[in-house]
There are 2 protein chains.
Amino acid sequence: MKAKEMMDKDFIYVSSEDTVENVSIKMEESRRFTSPVVSPDMKLIGWITSLDVTRGLREGKKTASDIMHPKEEIIYIYENDPSRLAVIETSNHKLISMPVLNKDEIVTGVIRSFDIIDTLSSLYDVKVYKLYEAMQQELKGVTWEELMEASAIISRRTTGKRVKAEDYERNIRNATFGEAIWATGGLEKFFVGLIAVGELVIARKVGKARK
Amino acid sequence: MKAKEMMDKDFIYVSSEDTVENVSIKMEESRRFTSPVVSPDMKLIGWITSLDVTRGLREGKKTASDIMHPKEEIIYIYENDPSRLAVIETSNHKLISMPVLNKDEIVTGVIRSFDIIDTLSSLYDVKVYKLYEAMQQELKGVTWEELMEASAIISRRTTGKRVKAEDYERNIRNATFGEAIWATGGLEKFFVGLIAVGELVIARKVGKARK
């Protein structure tokens, strides 16, 4: 995934001559906490956060150029950089958002922290039964009932709690991948559980074929 | 995971009588874009963002209570709520952060968007070979070499590209779960690949046992 697939294209921007008052109004009306400062041809020249605006208003600064952080001091990313880089930079520098540039240094978007959260959390929202469906499709000749029965057995082995196949199925119908990871105690443990289920159904399949 | 495990305990707060100027300075110095407004006994009574401060400064408002959003209008979460709820609310309402309360309505923390990103992205950073190690441990009697060989075969089947077991091993040594998901085209596909590898090593193990 590239940065440009994650960025908000509907961003605000200001020029270095805009008054601090106008920058303030633009940010408030659009509910944006940051804004790139651009040249007339949309090249990045600086970055303003709402905290630069509060300070500017208090200290009676006149224009955007008086309160902005110059390009050398800010963190930005290029359209074709991996979106992972945006995640790392946001996390390391505790950023709210960062500008995205094309190869001509023109601002084409802004990646905001909730754009990142939306992308990251979509993985957590995958329903667990989707994984089981994919598993069943891969393990040809295994029925859904056999898969649920094996899962109930593995679940009992791991947790010590007796669970019926029907209950297990109901659980995974509602559960998301994120919930499953937290419930099992981590990604590795979750995967090991699935592998154990796979192993059991395969062993049973082989056993049946031998009879 | 609960909200309290994700929240920042080192948050700033203001009282409703604090001047807008002082709120501004407090936010700038701590680099916080939001602040809860609390009563003397630390109960939540309102919420201020830096955009409320810019507007307040421009319009000559006097105190925090003149610019804050009252409790009824803001989104907050309780310590023992699932942290997932914070992710959903942040994403739905495009929030920068939200206050966390205990059962007595006292503010005990703030969940910021990068706290969420840190938590969510830690899953993506799990090294793929950790999953293979867990798999090998679960599939007793399968060697690491057999696992890598099976992976190289499945990889060739899926991608059509010939890959040696050593190359495969080198890839998964460096790759993270996040990269693997993006490379294979989604969680289900990644997972199906692992199941296919598991199936193959089990089939080979059963084959060897028969000889």
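A salt bridge here is a side-chain nitrogen of Lys or Arg within 4 Å of a carboxyl oxygen of Asp or Glu. Keep in mind that this is a predicted model.

Start in chain B. Select Asp167(B) and Arg170(B). They form a salt bridge, with the closest N and O atoms 3.6 Å apart. Because both sit in helix H9 (residues 165-174) of chain B, three residues apart, about one helical turn separates them. Asp167(B) is partly exposed, at 29% relative accessibility.

Now pick Asp8(A), Arg32(A), Arg112(A) and Asp115(A). Salt bridges with shared partners join these four residues into one network. Over all chains, the whole structure has 26 salt bridges.

Move to helix H9 (residues 165-174) of chain A. Arg170(A) and Asp167(A) meet in a salt bridge at 3.6 Å, N to O. Asp167(A) is partly exposed, with a relative accessible area of 28%. Next, select Arg173(A) and Glu169(A), also in helix H9 of chain A and four residues apart. Their side chains form a salt bridge at 3.4 Å, N to O. Both partners are partly exposed: Arg173(A) at 35%, Glu169(A) at 24%.

Turn to the backbone. Most residues other than glycine have a negative phi. Select Met42(A), in the loop between strands S2 (34-38) and S3 (44-49) of chain A. Its phi is positive, about 70°. Then go to Arg31(B), in the loop between helix H2 (20-30) and strand S2 (34-38) of chain B. Phi of Arg31(B) is also positive, near 55°. Is Arg31(B) buried or exposed? At 61% relative accessibility, Arg31(B) is exposed.

Finish with residues 7-63 of chain A, listed as "domain: CBS" in an unreviewed UniProt entry. This stretch is 35% helix and 23% strand. Its end C-alpha atoms are 27 Å apart.

Technical notes:
Residues numbered from 1 in each chain as written. Chains lettered and ligands numbered in written order. Predicted model: local features only at pLDDT ≥ 70, side-chain atom pairs only at ≥ 80, totals over all residues. Heavy atoms only, no water. Helix = DSSP H or I, 4+ residues; strand = E, 2+ residues; numbered from the N terminus. Buried < 20%, exposed > 50% of the residue type's maximum accessible area, 1.4 Å probe, protein only. UniProt positions renumbered as here; feature names shortened; annotations may be inferred.
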